[in-house]
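User: I have a model open and would like to talk through its architecture. Could we begin with the helices and then move to the sheets?

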Amino acid sequence: MKFFKTRIFFIIVLFGALYLCPANAYAAGDFMRETGKINVVVGVILLLFFGIVAYLIRLERKLTKLEHQINDDHEWKN
Amino acid sequence: MWWKITSVLLLVYTFTLGMLVPLRPGILTVSPESGLTRQSTVLTISGYNAHFTQGEGQTRVWLTYDDENAILAHRVKALSDTQLEAEFQLPANLPKGEATMVLNCIVDNPADGTSVLPNAFQLKLDSTTMQEYDPTWKAHPVEKLNVKKGFTYPYRNVIYETIRNTYFHVPMWFVLLFLLLASATYSVIYLLNPKPEYDSKASAYAETGLLFGLLGLVTGMLWAHYAWGKAWSNDIKQITTAVALLIYMAYFILRSSFDEPEKGARLSAVYNIFAFATLIPLLYVVPRMFASLHPGATGSPAFGGQDLDNTMRAVFYPAIIGWTLLGFWMTSLRIRAKRIEDKLGGLD
């Protein structure tokens with residue numbers, strides 16, 4: 001369940017951040033819209049990267065638990 | 001092993017070509033945006049990735065009404081590579097006697113090929129009316145257009161460089177489909193032959209499938225914010241995808257809510273098969289029946305026509321394979337962890 005909570009929290013934060021950004025008006029020096037909106041692509045790639053890294057961190061935690069279990073001979077469980 | 005290397009190589013190819021290949025030249029703005037008939041007007045055209053100075057003397061600029069009616073600029077001057085001045089003698093009236101009409105702007109030169117800005121210039125009738133058709137409209141038809149050579153991506157207004165997201169946002173949905181298909185397959189296998197191994201495989205595939213679905217949704221929202229103006233505009237595909245992902249989230253809640261593992265595994269397998277059976281209409285059938293902001297969503301299949309040109313296909317298909325193999329790779333790690341977990345008698 002923790003898995004969903006962090007994900008949902010992440011989506012809400014992103015939603016909120018996007019809500020605060022100016023929508024259509026082009027302002028000079030607008031970081032996301034300058035040079036053909038290339039930074040939107042950078043943003044998309046970063047989101048993918050962090051999503052995959054989050055998955056790997058979660059997997060690593062599971063493996064750490066399993067290692068503990070092997071080393072401590074089930075003592076860790078309680 | 002070979003497929004992991006393939007995945008890395010294809011993703012390297014995707015990132016390199018996806019980011020480095022330039023966009024085709026295009027027109028960003030035309031100013032002023034309106035003028036009166038019978039006027040002589042100088043338009044300043046700003047181009048994107050353009051090389052106006054290279055085409056000096058060969059650049060032609062039109063304002064077009066439709067396929068047959070167009071006016072050619074009688075003087076064109078390149079101020080810089082991306083700034084162009086075009087002087088027009090606007091005709092005495094509009095082709096079909098309208099009071100006002102929005103014209104498209106076409107710029108053509110050998111260096112950049114042809115660029116179009118739709119609805120670039122509004123032509124209004126001045127106070128003096130003239131009944132008969134002005135022949136200037138047909139004097140210089142749009143013809144002998146140049147084609148840009150080289151490997152470039154299409155230039156689209158509003159989207160601009162974000163067309164590259166085709167290689168990062170769109171493949172997520174293909175990965176989701178393949179992973180969830182694998183998940184449903186293992187659920188079927190589990191029902192035929194109830195070994196716990198198949199059940200944990202089904203859940204691992206559903207997990208990464210959901211991960212890629214969420215990534216697709218989130219990256220889509222970011223893109224939508226800058227292309228459609230709003231992160232969430234209740235587009236039919238956004239809604240059906242959200243519903244499909246919620247169905248899969250419920251799968252994990254269902255899995256975790258059983259005390260007897262065997263009964264739980266059986267029921268979740270049945271649920272998973274039904275979840276996949278609803279996923280297909282939700283992602284691929286229902287969106288075609290409604291108007292959508294997504295390209296290629298209505299009527300014809302998404303691969304058809306002008307949404308994807310051949311230069312983009314050369315990166316898009318490898319991207320799909322690369323991302324999908326990455327998804328399977330990540331899942332295989334999860335499956336191996338689960339196998340150890342089961343050997344040790346579970347974590348919880």
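User: How do the axes of helix H3 and helix H4 of chain B cross, and within what distance do they come?

Analyst: In this predicted model, the axes of helix H3 (residues 170–192) and helix H4 (residues 196–227) of chain B come within 8 Å and cross at roughly 160°. That makes H3(B) roughly antiparallel to H4(B), a label given to angles over 145 degrees. Axes are lines fitted to C-alpha atoms, for helices over the stretch in contact, and angles run from 0 to 180 degrees between N-to-C directions. Helices (H or I, at least four residues) and strands (E, at least two) are DSSP runs, numbered from the N terminus.

User: Is the crossing of H3(B) and H4(B) left-handed or right-handed?

Analyst: The crossing of H3(B) and H4(B) is left-handed, meaning that the near helix is turned anticlockwise from the far one by less than a right angle.

User: Which classes of residue make up the contact of H3(B) with H4(B)?

Analyst: The contact of H3(B) with H4(B) has 18 nonpolar, six polar and two charged residues. Ala, Val, Leu, Ile, Met, Phe, Trp, Tyr, Cys and Pro count as nonpolar, Asp, Glu, Lys and Arg as charged, and the others, Gly among them, as polar.

User: And what about H4(B) and helix H5 of chain B?

Analyst: The axes of H4(B) and helix H5 (residues 236–256) of chain B come within 10 Å, with a crossing of roughly 150°. H4(B) and H5(B) are therefore roughly antiparallel to each other, and their crossing is left-handed.

User: Turning to the sheets, what is the order of the four strands in the open sheet of chain B?

Analyst: The order is E1-E3-E7-E6 in chain B, with antiparallel pairing; two strands pair if DSSP finds at least two bridges between them. Strand E1 (26–31) and strand E6 (75–78) of chain B each have a single partner strand, so one side of each is left without a neighbour in the sheet. From one strand to the next, the twist averages 25°.

User: How many bridges link E1(B) to strand E3 of chain B?

Analyst: Five bridges pair E1(B) with strand E3 (residues 40–48) of chain B in the antiparallel sense. B:Ser31 stands opposite B:Thr44 in E3(B).

User: What do E6(B) and E7(B) form?

Analyst: E6(B) and E7(B) form a hairpin with four residues between them. Four bridges join E6(B) to strand E7 (residues 83–89) of chain B, and the two run antiparallel. B:Ala78 has B:Leu84 as its bridge partner in E7(B).

User: What is the order in the open sheet of five strands?

Analyst: That sheet has the order E2-E9-E8-E4-E5 in chain B, with mixed pairing. Its edge strands are E2 (34–36) and E5 (70–72) of chain B, each pairing on one side only. Here the twist averages 30° from one strand to the next.

User: Which way do E8 and E9 of chain B run?

Analyst: Strand E8 (residues 100–109) and strand E9 (residues 113–124) of chain B run antiparallel and are joined by nine bridges. The bridge partner of B:Met101 in E9(B) is B:Leu123.

How values were computed:
Residues numbered from 1 in each chain as written. Chains lettered and ligands numbered in written order. Predicted model: local features only at pLDDT ≥ 70, side-chain atom pairs only at ≥ 80, totals over all residues. Heavy atoms only, no water. Parallel < 35°, antiparallel > 145°, perpendicular 65-115°, else oblique.
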